[in-house]
Amino acid sequence: MISTKGRYAIRVMIDLAENENESYIPLKDIASRQEISKKYLEIIVKDMVKGGLITGASGKGGGYKLCRKPSEYNIGEILELMEGTLSPVACLTTDTNDCPRQKACQTLPLWTEYDNMVHDFFYSKKLSDLIE
């Protein structure tokens with residue numbers, strides 16, 4: 001399940017893209033437009049800055065803005081930064097899939113197919129798709 005943190009991060013990214021004008025957008029404006037607590041958004045944008053999705057500036061004229069064009073972000077990268085892995089089962093959370101039951105697991109193909117569908121879906125959607 002995608003938490004509010006992941007969903008709100010996407011909403012922040014959409015807001016920044018729609019209100020982009022070369023200057024930083026104050027968090028209070030984003031919070032007001034998105035009807036999200038500014039305090040909760042502070043936690044979210046901190047992770048987004050640290051993860052390289054957005055850039056922030058403090059002081060007069062400060063706020064947040066995108067680091068790249070909306071067409072250069074995919075929804076999967078936003079969600080994985082905020083949520084961690086989107087894999088449905090623990091054995092698929094690493095590239096090596098070091099589960100001791102891997103060869104005998106009858107459900108692994110099911111989880112792998114589901115994992116691939118989720119990954120492909122979110123990574124095929126661009127931020128720009130949500131604002132056009």
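What follows is a walk through the fold, the helix packing, the salt bridges and the surface of this predicted model.

A few ground rules come first. Because the model is predicted, local features need pLDDT of at least 70 and side-chain atom pairs count only at pLDDT 80 or more, while totals for chains, interfaces and linings use all residues. Residues are numbered from 1 along each chain as its sequence is written, and side-chain values use heavy atoms, with hydrogens and water left out.

The protein chain holds six helices and two strands. Here helices (H or I, at least four residues) and strands (E, at least two) are DSSP runs, numbered from the N terminus. Read from that end, the order of elements is α-α-α-β-β-α-α-α. Along the principal axes, the C-alpha atoms fill a box of roughly 60 × 30 × 25 Å. Of the 132 residues, 35% count as buried; buried stands for under 20% relative accessible area, exposed for over 50%, and partly exposed for what lies in between (1.4 Å probe, protein chains only). As for contacts (heavy atoms within 4.5 Å), residues 24 or more positions apart account for 64% of those with a separation of 6 or more.

The two strands make a hairpin, with five residues between β1 and β2. Strand β1 (residues 54–57) and strand β2 (residues 63–66) run antiparallel to each other and pair over four bridges; pairing calls for at least two DSSP bridges between two strands. Thr55, for one, has Lys65 in β2 as its bridge partner. In the turn, Gly59 takes a positive phi of about 90 degrees.

Helix α2 (residues 27–34) has a clear division of sides. Its buried residues are Leu27, Ile30, Ala31 and Gln34. They sit on the same side of α2, because they cover an arc of only 100 degrees around the axis (the arc is that of the directions from the helix axis to the C-beta atoms). Lys28 and Ser32, on the other side of α2, are exposed. The buried residues pack against α1, α3 and β2. Just past the end of α2 comes Glu35, with a positive phi of about 55 degrees.

Helix α4 (residues 75–83) buries Ile75, Gly76, Ile78, Leu79 and Met82. These residues span an arc of only 160 degrees around the axis, so they too lie on the same side of their helix, α4. Their cover includes α1 (4–18), α3 (38–50), α5 and α6 (127–131). After α4 comes Gly84, whose phi is positive, near 85 degrees. In helix α6, Ser128 counts as buried, at 10% relative accessibility. Setting aside neighbours within four places in sequence, Ser128 is in contact with Pro70 and Ser71.

Next, the charges. Side chains of opposite charge can pair when their charged atoms come close. A search of the whole structure turns up five salt bridges, a salt bridge being a side-chain nitrogen of Lys or Arg within 4 Å of a carboxyl oxygen of Asp or Glu. One of them joins Arg33 to Asp15, with the closest N and O atoms 2.7 Å apart. This pair ties together distant parts of the chain, with Arg33 in helix α2 and Asp15 in helix α1, 18 residues apart. Arg33 is partly exposed at 39% relative accessibility, whereas Asp15 is buried at 2%.

Lys38 and Glu42 form another salt bridge (3.3 Å, N to O). The two are about one helical turn apart, because they are four residues apart in helix α3. Lys38 is partly exposed, with a relative accessible area of 40%, and Glu42 is partly exposed at 36%. Arg68 and Glu77 also meet through their side chains (2.7 Å, N to O); Arg68 is partly exposed at 26%, and Glu77 is partly exposed at 22%.

Accessible areas come from the Shrake-Rupley method with a 1.4 Å probe, and for residues only the protein chains shown count as cover. Leu110, Trp111, Tyr114 and Met117 make a nonpolar patch of about 410 Å². Patches are made of residues with over 30% relative accessible area and no salt bridge, where like charges are joined within 9 Å and nonpolar side chains (Val, Leu, Ile, Met, Phe, Trp, Tyr) within 5 Å. Trp111 is found in helix α5 (residues 108–124) and is partly exposed, at 32%.
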